[in-house]
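Please look through the sequence and the model shown here.

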Amino acid sequence: MASVTGRERSFLDPAVVARIGSLELIARTIVEGFFAGLHRSPYKGFSVEFSEYRPYLPGDAPSTIDWKLFARSDRHYVKKFEQETNLECHLLLDVSASMGYASHVVSKLRFGVCLAAALAYLMHRQRDAVGLTLFDDHVVDSVPVGTRGGQLRALLAGLSRASPGTRSDVQMPLHQLAAGLRRRGLVVLISDLLDDPAGIIEGLKHLRFQGSEVLVLQTLDPAELTFPFDQPARFEDLETADAVSVVPAQVRAHYLDRMRSLSERYRRELRLAGVDYHQLDTATPFDTALRAYLATRARRW
Amino acid sequence: MGLSFLVPAFLVGGLAVLVPLVLHLRRRERLPRLPFSDIRFLRGVPLEQARRRRLREWLLLVLRVAAVLLFALAFARPFLNDTDDAAFASQPATVVLIDTSFSMSAPAQLAPARALALEAIDAAPDGHLVGVVAFDTRTRVVAELGERRAARSAVEAVTPGARATRYADGLAAAGALIGTRDGRIVVVTDLQAGGWDAGDGLVPPGVDVIVRDAGRPAGNLAIVAVESTPTQTLAVLFRAGTVADDATVSLWVDDELLAEVVVTAEPGHTTVRLPVPLPEAGVATVSVTDGVGYGVDDRRYRLLDPPEPTPVLIVVGGGVGADGDAARDADAVFYLQRALAPGGSAGPFLPEVVRAEAYGAPTNGELGPRTGAVVLAGGRGLGRRGRERLATFVREGGGLLVVGGHAADPGGLDRLDSLFGGEPELGLGAPLTHREPVGLMSQDPRHPIMRGLGGQAGALGQTRFSRTRPLRAGDGTVLARFSDGNPALVEHSVGAGRLLVFGAALGADGSDFPRRATFVPFLHETLAYLSSNDPRPREFIVGDSPVGTVALTDVPGVHDAGDGRRLVVNVDPRESDPTAVTPEQFVAAVGTLSRAAERQERDAARARESGQQLWRVLLMLMIVVLVADGLLGRRVV
C-alpha cells in the first residue's frame, strides 16, 4: 500500500479537518484524501457483482444488452447484476461529557464525529448498510441501518447534532445493540472508554457472541496520554463535576501508570475476545483509523 | 527567665508572617480550575503520598513563618531577663535619704533624725520596697531595696561624719536606686541651704520627694580660717544665730598653747586677733569653745612646715668635648645652682647635678616620683639609655628644660632630636654669634611662666645675649623670642609631660642673663611650671581626698601621709552655717530627671543584650530554616 504524501496528509489532519464547516465535506475530504494516498480503489469488487444472463425481453433497456455476447452468439442477452450489500455497519459514538475534553483545537467528540462521518461516507460508498447510535448513559440519538439514497445525509445530520452529554455508560448501548441485531455485521465503537472497563469488555463480548465483528477506536486527547501539566491546579471531572487539587509532578507517574494499565487491559482482553482495538489520540491523522477499519473489513469479508 | 527586647519596634516586622500565610492560603484557595475528562486516576494517588505532601506544605509554611519571625526577632535585639528581676524592677519603692553631713552632728540632733527615718520606713505604702541611702559629699546605699527590717537596721547604724552636704548627689543616688519604678524619696535632713551649692537635685519621673526636717542647733561657732602676719595670728570666727555672745578662742602649736582670747562673737563672721605670730614649723590649731553647735568645726588646723623643695636634676655634658666645654658647663651649673638654691639655703627647689654619662649608666636608678623637673644643660655622653630614660620621664608626666647652649654639641644635644622619636624635634639650630646682642621678649603674657613673672616679664627685654641658638618651633608654642625674631623659649607637649627648649646658655658666657634680676624669677617660674604635675598637696578639705588617702582625709586633723610628710585636713567651712531652706523651697528645687532613668535602664538593657548577643543565634537559626525551606521546597515543587 502506497504511503500518503504530506499534502494529502494535511487533509487527514484533525486540526485541519476540524476547521471545515460541512460534515459531508469533511467526510469526503478525509476519505478522498485517504484514497488519493492509496492509489488504487478500495471499491473494486464491492459495489456490484455479475449474477446471470437472461434473454432480452421487450421493455428492457437496450443499454443492458451485452453486445459482446450478441457478437459471439447472435442472440440478445441482458446482463443481470446483484448488489453486494449484505454487510451491516453500526457506528457507535460516545457523546458523554468526557468526550468534550480538548487540550487543543480538536475535542475528542469533534474527532469522533469527523471520524464517524468519514467511516459513514466510506461505508456508504461501499454500498454497506450503515447505522449510527449516539450515546452517553443512554441512547441520545440513532439512525437505523439502511442503504437508501438519503442514508448518508441522515447519518451526517445525526452526527452534526452530537454534543457533549452527561455521564457515560458504554456497556449499555453495546448490550442494547447486541440484543437487537438481526444479522451479523460490523460494529465500530468510537469512545474514550473512560468507564468501567469490565462492563465495556462484557458488552463487546456480547456483540462478538452475536457474531458481529467489532472495531473499537479508543479516542483520547494527547493530554490524557501524556499528562503534560506542570502547575498545581484543581482538576474538575467533566462528567461528575467532582474536583481534586493536584500537583501534576506528584501524580504524573501514577496517572500515566494507571492509563497504561487501562490501555493494556483493553488491548489484552479485547484481543482475546476477537475485538480489534486501536487507540487514537485527537492529534492522530484520520488515516490510521480508516486503515484499521479497512483492515478489519478486509479480514472478515 | 523572661525575654525582653532592645528595639521592640522591630517586632512589628513580625507581621510580615502574614505574607507567607496569605500566600499559602491564597494558593490553596485559588488553584486554577482545570476541566479534565476523568479524575479517577488523579484521585488514585496513594494516600500516603498526598498526606506526606500536605505535611510538607504545612512544614514549609511553618519554616517560612519561622524565618520571618526569627528575622524580626533578631532585629528587635532580644535578651534574656530574669523574670524575678523584671518583677522586682517594677515594684514601687520608698527610699529614705538620710543626711549624714556634719551639720547633722549637733547634740541631740541625731536621735530625732533617726526617728524620722524610721517613721518614714514604717509609713511606706504596702507593697513598697524600702531602701536607705546616706549622703553627704558622697553617697552610700546602706540598705538596698527590700524588707523594712533591713532598712530599719541600717538607719540605726547611720552616724554623721565630717563631710559637707550635697543634696544633688544624694537625690541622684536615691533616684538611681529607685530606677524606673514609681515611688518616693523621703529626705531626712536639716535642710541646710548650703547643700544646694553643688547643683540642682534631679529625680526620675514618677518619684515624689518628701522632706522630713530633722531640725538644727540653736547656734553654732566655728573657726573657718586661720592666717598669719609677722606680728599676730588672725582667725575668722563664724557664729550662726542672731545673738552675740562671748567665745573663747585658743591658738595651739604642736600641743602647746600659745594664745587664748575671749571675744564677743557677733552673728556672722568675726576676725579674732591672737597676739602671737605663727612659727615657721609645726601644726597650728585654732579652736573655739562651742557647747551648742557642731563639734568638728570648732577647730581649724594650719600646717606651718615649710614646703618641701622640689628636686631638680641638672644634667650636664660629660666625656671628652671641645676645648672650653668643661668650663662652660661649670659656668652654667654654677648659676643654675645659685638660682635654685640661693646661698646653699633650702629654697623651693633642691638642685642635684649629675653628669650625662652617669645619668645614662645602667646602675643609675630610674627618676623617682620626687624628681620635679630635669634641666638638660648638656647632652654629651648621655647615651641611648640616658635618652630613653629622659624620654620616658617626660612622657609619664615629668618636666624637661633643654638649655640650648651656645656651642655646637654634636655628641650631645644635637643628637637629641631623636629623643622623642622625632616628634617633637627639639629644633636646635646652629649657634649664632651676634655682633649686636639681642634681648628676650615675652610672647604670651597669659602663660603661667610669664604670668608668674608679673611686671618682671617686661624686664626680660633688657637681657643681652651675644650667642644664641635659633630654634625651630614646629608644632610647639613660642613663649619668648629673641629680639632678632628667632624663638627663644618653645614649649612642646610630650605624652603627659612638658618640654621647654631655651635657645641660649644659662651661664654668663655669652649673655648677661644670670646677672639680671629677672634670671632667678624666670628660672623659678619655669621650673615651677615644669614641676607643677607633682600631685602632692598637703592641706585638704574633708572629702577632697587624693588617691590612697581616703581614710585619712575623712577625719579632720593632722595625719601622717606615710612618706614622712604631714597632712592637714579641715572641714568645709560652708557646712558650719546651719541656715536652712523650707521644705517647700527644698521640694521646689528638685527637678524631674526626664530621661535619665530611661537612659539608665536602656544602657543596662543594651549591656545585657550585648553580653548575650542572641540576635546572632537567631540569624543563624534563620539561615538554617531558610536552607531547610529551600531543600523542602525543591522536593515539593
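A residue is called buried when its relative accessible area is under 20%, exposed when that area is over 50%, and partly exposed in between, using a 1.4 Å probe and protein chains only. The model is a predicted one, in which local features need pLDDT of at least 70 and side-chain atom pairs count only at pLDDT 80 or more, while totals for chains, interfaces and linings use all residues. Residues are numbered from 1 along each chain as its sequence is written, chains are lettered from A and ligands numbered from 1 in the order in which they are written, and side-chain values use heavy atoms, with hydrogens and water left out.

The contact between the two chains comes first. Chain A gives 29 residues to the contact and chain B gives 22 residues, where contact means heavy atoms within 4.5 Å. About 2500 Å² is buried between chain A and chain B, and 63% of it is on carbon and sulfur atoms. Buried area here is the accessible area (1.4 Å probe) that two parts lose on being put together, summed over both. On the side of chain A, the most area is lost to chain B by A:Glu236, A:Gln250 and A:His254, which together make up 23% of what that side buries.

One of these residues also takes part in a salt bridge, defined as a side-chain nitrogen of Lys or Arg within 4 Å of a carboxyl oxygen of Asp or Glu. One salt bridge is counted between chain A and chain B. Its partners are B:Arg33 and A:Glu236, at 2.8 Å from N to O. Eight residue pairs are in polar contact across the interface of chain A and chain B, both residues being at pLDDT 80 or more. A polar contact is a pair of N or O atoms within 3.5 Å; within protein, one must be able to donate a hydrogen and the other to accept it, and residues adjacent in sequence count only if both atoms are side-chain atoms.

Which elements of chain A supply at least two residues each to the side that touches chain B? They are β8 (233-237), β9 (243-246) and α10 (248-272). These labels follow DSSP runs numbered from the N terminus, with helices (H or I) of at least four residues and strands (E) of at least two. The largest share, eight residues, comes from α10(A). By class, the side of chain A that touches chain B has 17 nonpolar, four polar and eight charged residues. In this scheme Ala, Val, Leu, Ile, Met, Phe, Trp, Tyr, Cys and Pro are nonpolar, Asp, Glu, Lys and Arg are charged, and the others, Gly among them, are polar.

Strands also pair across the two chains. β8(A) runs in the parallel sense with strand β2 (residues 33-36) of chain B, over four bridges; two strands pair if DSSP finds at least two bridges between them. Within this pairing, A:Phe235 stands opposite B:Leu34 in β2(B).

Within chain A, A:Gln151 is in helix α6 (residues 151-160). At 1% relative accessibility, A:Gln151 is buried. A polar atom of the A:Gln151 side chain lies 2.8 Å from the backbone oxygen of A:Pro144. B:Asp255 has a phi of about 70° and is found in the loop between β12 (245-253) and β13 (256-265). B:Asp255 is exposed, with a relative accessible area of 74%. B:Gln613 has a phi of about 50°, and its place is the loop between α15 (596-612) and α16 (614-636). B:Gln613 is partly exposed at 27%.

In one of them, B:Asp629 and B:Arg64 bring their closest N and O atoms to 2.7 Å. B:Asp629 lies in helix α16 and B:Arg64 in helix α3 (residues 47-75) of chain B, so the pair ties together parts that are 565 residues apart in sequence. B:Asp629 is buried, at 12% relative accessible area, whereas B:Arg64 is partly exposed, at 36%.

Another salt bridge joins the side chains of B:Asp572 and B:Arg166 at 3.8 Å, N to O. B:Asp572 is in the loop between β29 (566-570) and α14 (583-589) of chain B and B:Arg166 in the loop between α6 (148-157) and α7 (167-178) of chain B, so this pair ties together parts 406 residues apart in sequence. Both B:Asp572 and B:Arg166 are buried.
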